[in-house]
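Please examine the two-chain model below before reading the briefing. The points that follow are grouped by topic.

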Amino acid sequence: MLRTAFTGLRVRRLVPTLVAVVLAVAFVAGTLIYRDTAQAALYDEYARAARNVGAALTARDDGRLEPSALDRARADAGVAEADGRRAERLPLLDKRGRIVTDIGLPGYGINAGTVARLRPFDVHAGRLPQTGGEAALDTRTAARIGFSIGDEITVIGAGERRQRLRVVGTVDVTGFGGGRTSTVVLTDAELTGLTGSAGYREVVAALRPGADAAAVRDRLGSGSDARARTGIQLRDDLAKAASGQLSGLLVGIGLFALVAVLVAGFVIVNTFTILMAQRLRETALLRCVGAGRGQVFRLVLAEAALVGLAGAVLGTGLGVLVALLMSRLSTVLGLPAGDVVLSPLPLLAGPALGLLVTVGAAVAPALRASRVRPMAALRAAVPESGSLRRTSLVLAVLAALAGTAITVAGLRGTGGVLAAMALVMLGGIGNFAALLLLMPRLVGPVVRALGWLPGRLFGVPVKMATANAARHPARTAATTATLLIGVALMAGGGTVAATANRTAEAQLNKAFPVDYLLTPAVPGELVPAGVAGEVRAAGFPVAAPVKQGEAGDVLVGTVGAGADVFGADVRPGTAVIPAAGQVRATAGSTIELVAGDRRLRLTVAAIVQSSSLVGDAVIAEADFATLFPDVHDDGLVLVKAAPGLSAAAARQKLDDTLAAHPLVQVADLAEVRDQRNAEIGQMVAIIAALLAFALVIAVIGIGNTLSLSVLERARESWLVRALGLTRGQLRATLLTEALLMALAGALGGVAFGVLYGWLTTKAAFGAVHPLLSVPFGQLAGFVGLAAAAAVLAAVLPARRAARA
Amino acid sequence: MGRVAVRAADVVKVYGSGDTAVRALDGVGVEFAAGEFTAVMGPSGSGKSTLMHCLAGLDTVDGGSVRIGGTEITGLSDRALTRLRRERIGFVFQSFNLLPTLTAEQNITLPLDLAGRKADPGWLRELVTTLGIAERLRHRPSELSGGQQQRVACARALLSRPDVVFADEPTGNLDSRSGAALLEFLRRSVRELGQTIVMVTHDPVAAGHADRAVLLADGRIVEEIHRPSPDAVLAGLRRLGG
């Protein structure tokens, strides 16, 4: 029985299945291995903070521990050595004099510590600061902004006081709170002098041999509201933080892996279906000579298992390479990287998945094979593929109805942006399922439509190709479905990105025809009230101060009088609501703003299609003063350069004006725009790169279907050659067939992707009216790529056909 | 006449329905004695292949009864029919008898492999030696001549010592020499081994090797010729045509 399965393998015909499995498994295994690798790298980094720590007392939130906490720890019987760790906000300036930030957060200063083995960092080069005026810088920041040992750096202490420090060393350290912000290591005295703060964030203790960590922890923590942990607990918490940082990224990659697996599943189903159709007579003969249905079923599954296993093993090997590559790439992208870690899970899960998917995908073809009647062995011709099932039509209609209903519910819904997006995407899945179910019915007409004009122009080969592609609708549909999935996702992602970009751009331009935004460099701080005036005095025609306050969840803003920008003309007693903000209201209704014990009832004057840069609710200055009497400084300042002044000159003038205010950050809107464009471009590129995996598998599926069709049509090819079709024409027929299949899949994918990309954006934007932007160039690129790849995949089968 | 190996009684087979219904078998009753070599003959469309399919349990009947070695096979489940084919029936078809990926020997032992049984090595050797394919056992079908392929199929059909071997135009794709050799072998297996063979053919020369020829026309048995000579068969067929 097994021998029959083994010898039944015709390796060449199973190569495409093998490749599909290999790629899918490689993607999954690679992702899992990369997760382990990145986690280990992050863990190592985080674990520094827990090294040699037997017990730790950590201040809660933004609190500090009294110096007595350290004295108490040192006096404890179980403690060998203890040290206090400090971390205070200490912005660092780059060479252009601007604050170094990471995701908007400025850096920290930490103390060098007195106990070497309890330091949360490693000296990378040079030495630690020993006196005032010396500092060590973290290696990441040093590399990023180009400082090295011997250079002078500038930090900004309390009260905007600048202090120059000489770099004497670099250290490997995790940024404060697990981030990647800049870290400057200073002596205790310097840190205190600069920041005016003296308490510890954390007191850590190394234990005497034999001391009970839990007991020491409890003694340290008694009578304090700070968090007391053993070293092991601290390490575990750090590890959790490390994996938490990665989870978002991994979920994303995991989704793409899922798509790859799905597409591979389609290819496998297709391959086995075609194989079984070709082997119809063999199967029937087996049944004649006494093979039971179960035996035929098991035979096909055994074959699938063999291929799946082989593919899974190869795929896992490739996955290790993928992980290596991702690890290298992530250094460039700023993601954690390190030596590749091989743990048992990915090495087992990858193969198991490959086996499961292959065998699972082979179940339906195997069932069909087992239903072959022995009589089929006696018929010479292989029957054309059977009629389309009515059940698939019913299912498709149900899926489409449900999908459309859910989509409409999402678009009309009031349950918030996330719920709306989730509903629209769910509806999209429903409609996509309907599309897949209908594909066998649609693909024939689509292919005929696509082939009509070329058929007129190029004659017989194209006409034959059109007829051939539409001949096995179920098979062609399954083949194109793989492309449909990949291209729909790409087109959807591209449309979302382009639409979001264009809409954001329009909202910003319309509402804020300004060139620069002045914002505080340090979150929680404000732009000093005088700054707007100084900028205006320097010759900038508009420098509108914006004051902001929070009323519950609502950001309330007001624009200083006299500025010719949006929001400056709001009349007292009314509010203007930007559609992009948090507040949902209609013009003419009344809203109530509550800040502490102050309340204000305002009439909504208008809902405007604009971003909520100033606030979710924009009110008059007088009303703002009533609601927030303590806010005197500005949240941001909108600045417009004088006409005729060059961008570089205007920027220079602004930087000069602001030289006295290092904590004020200038955001150049042109730069913001470029940066946003670049970010979106990068996002689209990453999506495309990840989906390329799925596309490669899909294209292999096309080549696969064709080469099997070629085998099946060997007699036919021979006949048309005998009737006078040239070798070249026969080849052209096959290539055209591939092209038609690819175009049907890719165009369907584009249409669906654009539709649902647009609907998703609509749901995501809530009350904002998104401006549809279809990235035509990009989409044409996807379609062209799919078509070219499909033709490439058809070259070998075409040659084989022409040889006949 | 000895024990009856296969018995068909009043077998009806209808294809299609309503106005387009065709009675392919219209109340056929026939018996095949054990150890007898019978040729089933008739013009195209006479129902001879349909009769064979119904006798072998490959096709269902719409009426009547078919018994193989005492077992009523109409109404048997697919599982039981599969067992029956595996253990008590041998097949030789006109073409496509062998699985292309298996060697000659693997093809011969395939029914036993499927049943999970071992072949009797002595019997296997005797069969392949008699058939003259002992040297070709490790070859695949594509490396064998048409005659050799049919002899491999014969060996497969006989290996399990079935109650009956059904042969559907076994010489149809062979040249006259290979055909004659194959028929001679079938003849010998009946004479020397007591095998029961039912052969469907339209070739009077092939039928000349049989003990008896059964002539079918329009789904009914119209004539039986004992010890048929090719001339007698031809004459019989001509009577049907005329």
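In the hairpin of β10(A) and β11(A), five residues lie between the strands, and A:Gly159 there has a positive phi near 65 degrees. The model is predicted: local features need pLDDT of at least 70, side-chain atom pairs count only at pLDDT 80 or more, and totals for chains, interfaces and linings use all residues. Residues are numbered from 1 along each chain as its sequence is written, while chains are lettered from A and ligands numbered from 1 in the order in which they are written. Helices (H or I, at least four residues) and strands (E, at least two) are DSSP runs, numbered from the N terminus.

- Strand β10 (residues 152-156) and strand β11 (residues 162-172) of chain A pair in the antiparallel sense over five bridges; two strands count as paired if DSSP finds at least two bridges between them.
- A:Ile156 has A:Arg162 in β11(A) as its bridge partner.
- Strand β4 (residues 92-93) of chain A runs antiparallel to β10(A) and is joined to it by two bridges.
- Opposite A:Leu92 stands A:Val155 in β10(A).

**Chain A overall**

- Chain A comprises 21 helices and 23 strands.
- Of its 804 residues, 49% are buried. A residue is buried if 20 or more other C-beta atoms lie within 10 Å of its own, exposed if 12 or fewer, and partly exposed in between, with C-beta atoms placed from the backbone.
- Among contacts in chain A between residues at least 6 apart in sequence, 83% join residues at least 24 apart. Two residues are in contact if their C-beta atoms, placed from the backbone, lie within 7 Å.

- An open sheet of four strands has the order β2-β13-β1-β14 (chain A), with antiparallel pairing.
- β2 (79-85) and β14 (227-230) of chain A are at the edges with a single partner strand each, so one side of each has no neighbour in the sheet.
- From one strand to the next, the twist averages 15 degrees. Axes are lines fitted to C-alpha atoms, for helices over the stretch in contact, and angles run from 0 to 180 degrees between N-to-C directions.
- Strand β1 (residues 55-58) and strand β13 (residues 202-207) of chain A run antiparallel and are joined by four bridges; A:Ala55 stands opposite A:Ala205 in β13(A).
- Helix α6 (residues 213-221) of chain A packs on the sheet and touches β1, β2, β13 and β14 of chain A, its direction making about 170 degrees with that of β14(A).
- Helix α3 (residues 67-75) of chain A lies across β1, β2 and β13 of chain A, at about 165 degrees to β2(A).
- A:Gly210 is in the loop between β13 and α6 of chain A, and is exposed, with 6 other C-beta atoms within 10 Å.
- Although 132 residues apart in sequence, A:Gly210 and A:Gly78 are 8.2 Å apart in space, C-alpha to C-alpha.

**Helix packing in chain A**

- Helix α13 (residues 460-469) and helix α20 (residues 727-765) of chain A have axes that come within 8 Å and cross at roughly 45 degrees.
- That angle makes α13(A) oblique to α20(A). Angles under 35 degrees count as roughly parallel, over 145 as roughly antiparallel, 65 to 115 as roughly perpendicular and the rest as oblique.
- Residues of α13(A) in this contact include A:Val460, A:Pro461 and A:Met464, and those of α20(A) include A:Ala732, A:Leu740 and A:Met741.

**Chain B**

- Four strands form an open antiparallel sheet in the order β2-β1-β4-β5 (chain B); β2 (22-33) and β5 (71-72) of chain B are its edge strands, each pairing on one side only.
- Strand β1 (residues 4-15) of chain B pairs antiparallel with β2(B) over nine bridges, and B:Tyr15 stands opposite B:Val22 in β2(B).
- In helix α1 (residues 48-55) of chain B, eight of its eight residues are buried, among them B:Lys48 and B:His53.
- After α1(B) comes B:Gly57, which has a positive phi near 75 degrees.
- Helix α4 (residues 121-131) and helix α5 (residues 146-159) of chain B pack at about 150 degrees, with axes 10 Å apart; they are therefore roughly antiparallel to each other.
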